[in-house]
Amino acid sequence: MLITDATLPDGRTRDVRIEGETIAEIGELLSTTAEERSIDASGKRLMPGMIDVHVHFRQPGYSHKETWASGSKSAAAGGVTTVVDQPNTDPPTIDGERFDHKSELAADSLVDFGINGGVTDEWQPEELFARPLFALGEVFLADSTGNMGIDADLFADAVSRASERDVTVTVHAEDARRFNESARERDDADAWSAYRTPQAEIDAVRRACTVANDHDARIHVAHTSTPEAIDIAADAGMTCEVTPHHLFLSRNDLPELGTFGRMNPPLRRENRRRKVFERVADGTVDMIATDHAPHTREEKDASIWEAPSGVPGVETALPLLLNEAREGNLSYERIRDLTAANPAAVFGLSNKGRIEAGFDADLVLVDPDDPRPIRGEETHTNCDWTPFEGMDAVFPELTTVRGTVVYENRHEELFGEPVGENVRSA
């Protein structure tokens, strides 16, 4: 395949040749062969596929919410070419047998994947570390979906074991001791944000970084929602991610979102959201990850204390960021780093994350002049809703995974066959 006249993230216009699974050549006025498919990308942007290091594809246990087939279809339609699944499924991924079972389910994936191992009182670390594990975690320092919260001693032990094997630990950092119990007397949509306080995250990130440094370990802080937590992680030499919902939504949106805006950690006040965006733009934040956590409309249509936490996002993350570039709020190079280059570097994916010769041909072609509003019913996840309803986004025309077209929407919408592989097994 030859993609001609594509504008790369750095602004250069180049032809990109794909041979087999890799980018073979990048240049100007490359010649094409008769049997080679040629795609005219004049006026289009070519981006490396997004590496989303935080998704919940819900299998096994909750296939009515999502499956590897539906979740990866949604990923491909959103320009995500690698996903990393978290362990809080049913049963949780805490031993070798459960890891192997999830690997079998992941054979349905259109996109490449990683599988994380979980930590509970019953986890089997030696079995997990013997598998092609992407990372440890997310390790929950407070209960969330799946009730996998652990105590300080078990966290320190897990970090120590991971450090010995040079494995990164992804941390869900909230300290339940700092939750505001008085908020439980309320039943409005904002009560969840009032309950799981910013200080709960700030204190937990500080503690997690201290433990990591004590054990000469690497931690990656999941879904940071406060500027203070981002700064603590950066100052400690750790990495962090920000979700699209914490980047684009705030407590101001909760009257409209209701329980569909409940997630962990919760939405923050608008002034904190703006400061988080500033850190995303200036390079302090390492990456964007979606924490794609689908639930059905029926499940979310409950009281603020009974609705499950989590929102879908794997299909809309890169399109929302690309619209920010279109509006001049982020550069395409910064989006490349946030969604592809940095995740690849942090987690050691040496052949992914950049449009360079020899790299995997994980590519996304978009028309920056063709934004459209997000509509939940048009997404491909099992849950047909989105917290970003009506927001402008720039969706892919073409998505390739190691050179195979897995999504195309140039003349009609088409999906390819499952070609996903475990990135740690390659």
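This is a predicted model. Begin by selecting tryptophan 68, which has a relative accessibility of 0% and therefore counts as buried.

A search of the whole structure gives 11 aromatic pairs. In the pair made by phenylalanine 57 and tryptophan 68, the ring centres are 5.2 Å apart and the planes stand at 85°, so it is edge-to-face. Phenylalanine 57 belongs to the loop between β6 (50-55) and α1 (68-77), while tryptophan 68 is in helix α1, so the pair ties together parts 11 residues apart in sequence.

Now select tyrosine 407 and phenylalanine 415. Their ring centres lie 5.0 Å apart with the planes at 55°; the pair is therefore tilted. Are the two partners buried or partly exposed? Tyrosine 407, at 1% relative accessibility, counts as buried, whereas phenylalanine 415, at 26%, counts as partly exposed.

For another charge over a ring, select arginine 372 and phenylalanine 395. The charged end of arginine 372 sits over that ring, 4.1 Å from its centre.

Then select Phe179, Trp192, Tyr195 and Trp305, which form one aromatic cluster.

Move on to helix α7 (residues 227-235) and helix α10 (residues 270-282). Their axes come within 8 Å and cross at roughly 30°. To see the contact, show the side chains of Pro227, Glu228, Ile230 and Asp231 on α7, and of Arg272, Lys275, Val276 and Arg279 on α10. What kinds of residue make up the contact of α7 with α10? It has 3 nonpolar, no polar and 5 charged residues.

Last, select His56, Phe57, Arg58, Asn88 and His295, which an unreviewed UniProt entry lists under "binding site". These residues span 240 residues in sequence, yet no two of their C-alpha atoms are more than 13.9 Å apart, so they gather at one spot.

Within that selection, centre on histidine 56, in the loop between β6 and α1. At 5% relative accessibility, histidine 56 counts as buried. Leaving aside residues up to four places away in sequence, histidine 56 touches Asp85, Gln86, Asn88, Glu138, Asp291, His292, Ala293 and Pro294. One of these contacts, Asn88, is also in the UniProt list.

Notes. Residues numbered from 1 in each chain as written. Predicted model: local features only at pLDDT ≥ 70, side-chain atom pairs only at ≥ 80, totals over all residues. Heavy atoms only, no water. Phe/Tyr/Trp six-rings, centres within 6.5 Å; stacked < 30°, edge-to-face > 60°. Helix = DSSP H or I, 4+ residues; strand = E, 2+ residues; numbered from the N terminus. Buried < 20%, exposed > 50% of the residue type's maximum accessible area, 1.4 Å probe, protein only. Lys NZ or Arg CZ within 6 Å of the ring centre and 35° of its normal. Axes fitted to C-alpha atoms, helices over the stretch in contact; angles between N-to-C directions. Contact = heavy atoms within 4.5 Å. Nonpolar A, V, L, I, M, F, W, Y, C, P; charged D, E, K, R; others polar. UniProt positions renumbered as here; feature names shortened; annotations may be inferred.
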